[in-house]
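This report concerns local side-chain features of a single model. Please consult the sequence and the structure shown here.

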Amino acid sequence: LKAKALGLTQTELAKRINTKQSVISRIEAGNSNITLKTLGDIAKALDTDVIHLIALDESSSNEMAATVI
């Protein structure tokens, strides 16, 4: 996540978006279904756009999968 580039810990980012550190950990690990609201909150906290937090990967079935980076 961009948070690391800004020197933010998971705990600091969690405080900025009013959630728990464990939520941020699961998001970074790809083990959470993130809501658009949470994604927007993270983008705002990191002073970036949502699109910069998402990597689109084309799977073998030609469907698009979004992963929070």
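## Basis

This is a predicted model, in which local features require pLDDT of at least 70 and side-chain atom pairs pLDDT 80 or more, while totals for chains, interfaces and linings use all residues. Residues are numbered from 1 along each chain as its sequence is written, and side-chain values use heavy atoms, without hydrogens and water.

## Helix 3

Helices (H or I, at least four residues) and strands (E, at least two) are DSSP runs numbered from the N terminus. Helix 3 spans residues 21-29, and within it Val 23, Ile 24 and Ile 27 are buried (under 20% relative accessible area; exposed is over 50%, partly exposed in between; 1.4 Å probe, protein chains only). These residues lie on the same side of helix 3, because they cover an arc of only 95 degrees around the axis, taken from the directions from the helix axis to the C-beta atoms. Just after helix 3, Gly 30 adopts a positive phi of about 80 degrees.

## Helix 4

The whole structure contains one salt bridge (a side-chain nitrogen of Lys or Arg within 4 Å of a carboxyl oxygen of Asp or Glu). It joins Asp 41 to Lys 37, with the closest N and O atoms 2.7 Å apart. The two residues are four apart in helix 4 (residues 36-45), and are therefore separated by about one helical turn. Asp 41 is partly exposed, at 25% relative accessible area, whereas Lys 37 is exposed, at 59%.
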